[in-house]
Amino acid sequence: MAKTLQKNGSNKEETEKQLLIDAESTIESSGLFGKSSAFIPTLTFLTGPALGKEIPLIQRQLTLGRGNECDIMIPDAAVSRKHLQIDCRKILRKGENPALKVVLRDLGSRNGTQVNYNTVRRAVLKPGDLIALGGIILKYDHRDIAEQAFYEEIYRLATTDSLTQLLNKASILRFLSEEISGNARKRRKIAVILADIDGFKSMNDLFGHLTGDRILQTVAGLFKSSLRDRDRAGRFGGDEFLIVLPETGPKGAARLAERIRSVLEKSISKKLGLTLSVTLSMGVASGYAHKIASEDLIEQADIALYRAKSLGRNRAEVWKKPRISTGVR
């Protein structure tokens, strides 16, 4: 999930979950609404790596942009470091209930901001308005409090593998593509690890599918506990996983792969009470974001994974560029 897109990654995700659970107290504490309010203003991503993700506007002021310092970080090369600001204001009129005024202001962005496809420097947002910045489109709306948890769950189901609770294949590939795009201008490295459980089919046949599911879940849990906030892991298919490591070179990715491999080899069989060792083979690939496509990076990791399998399994191999023979002896 969107360090899915929120600053400080998992900490904000946990905070956001709590806010959605206790929506009424959230609105009251924000100072924008009274207890009788039946809605909360939201931004929903219609494109990009957080497609379908809803962000409740519970703060008086939010900054959106590519920079780490923004409240909502959007890793898109066409988005400025500080692109736009949204202010939520409580409007008081004598004899009337408090009203909400949400104001968007462009912060001098390089590519500008559009509301309903018209370039604006400032705009008062209305429910249903579409906001475009770079290649990202968001929708501003008023979400009924009773619906908030429902839409959050719909998003989770659409982006998460139900068994392992990692990102599903479509989501991890979208994350990789967007990270490459967002880091291309910075000329920074990005790495991937393609991991495969050794002999998983045989273990499935020997111990049964329920045990096979527990193995997959335990491996996924190890990935989650081993990664930084900004890293992501996804189930790539069957017993294969893809880990995406932004701003990481081959040495850093190889160290992580070896650490995961070592911990798994020593602990999972004992934890699950198995008579056979559960091990991983891993292929590591890395490149500069402005020089490599996501498909090429995965292909390189797949080649390295195949080499790890060929060399006896239970190891991590780093992709190396093939040497070109000159034909000179």
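**Exercise 1.** State which helix holds Arg259 in this predicted model, and whether the residue is buried, partly exposed or exposed.

*Solution.* 
Step 1. Find the residue: Arg259 sits in helix 7.
Step 2. Take its relative accessibility, which is 49%.
Step 3. Apply the cut-offs: buried means under 20%, exposed means over 50%, and partly exposed lies in between.
Step 4. Arg259 therefore counts as partly exposed.

**Exercise 2.** Find the patch of positive charge on the surface and name the helix that gives the most to it.

*Solution.* 
Step 1. List the members: Lys189, Lys251, Arg255 and Arg259 gather there.
Step 2. Look at helix 7, which spans residues 250–272.
Step 3. With three residues, helix 7 gives the most to the patch.

**Exercise 3.** Describe the largest nonpolar core and where its residues come from.

*Solution.* 
Step 1. Count the members: this core has 30 residues.
Step 2. Pick out those that touch the most other members: Ile197, Ile215, Val219, Phe223 and Leu280.
Step 3. Trace the suppliers. At least two residues each come from strand 12 (189–197), strand 14 (240–246) and strand 15 (280–288), and also from helix 5 (200–207), helix 6 (209–226) and helix 7.
Step 4. Name the top supplier: helix 7 gives the largest share, seven residues.
Step 5. In soluble globular proteins, nonpolar side chains tend to be buried together.

Note on methods:
Residues are numbered from 1 along each chain as its sequence is written. This is a predicted model: local features need pLDDT of at least 70, side-chain atom pairs count only at pLDDT 80 or more; totals for chains, interfaces and linings use all residues. Side-chain values use heavy atoms; hydrogens and water are left out. Patches are made of residues with over 30% relative accessible area and no salt bridge: like charges are joined within 9 Å, nonpolar side chains (Val, Leu, Ile, Met, Phe, Trp, Tyr) within 5 Å. Accessible areas come from the Shrake-Rupley method with a 1.4 Å probe; for residues, only the protein chains shown count as cover. A salt bridge is a side-chain nitrogen of Lys or Arg within 4 Å of a carboxyl oxygen of Asp or Glu. Lys and Arg count as positive and Asp and Glu as negative; His and the chain ends are not counted. The place of a charge is taken as NZ of Lys, CZ of Arg, CG of Asp or CD of Glu. Helices (H or I, at least four residues) and strands (E, at least two) are DSSP runs, numbered from the N terminus. Buried means under 20% relative accessible area, exposed over 50%, partly exposed in between (1.4 Å probe, protein chains only). A nonpolar core is a set of buried Ala, Val, Leu, Ile, Met, Phe, Trp, Tyr and Cys residues joined through side-chain atoms within 4.5 Å.
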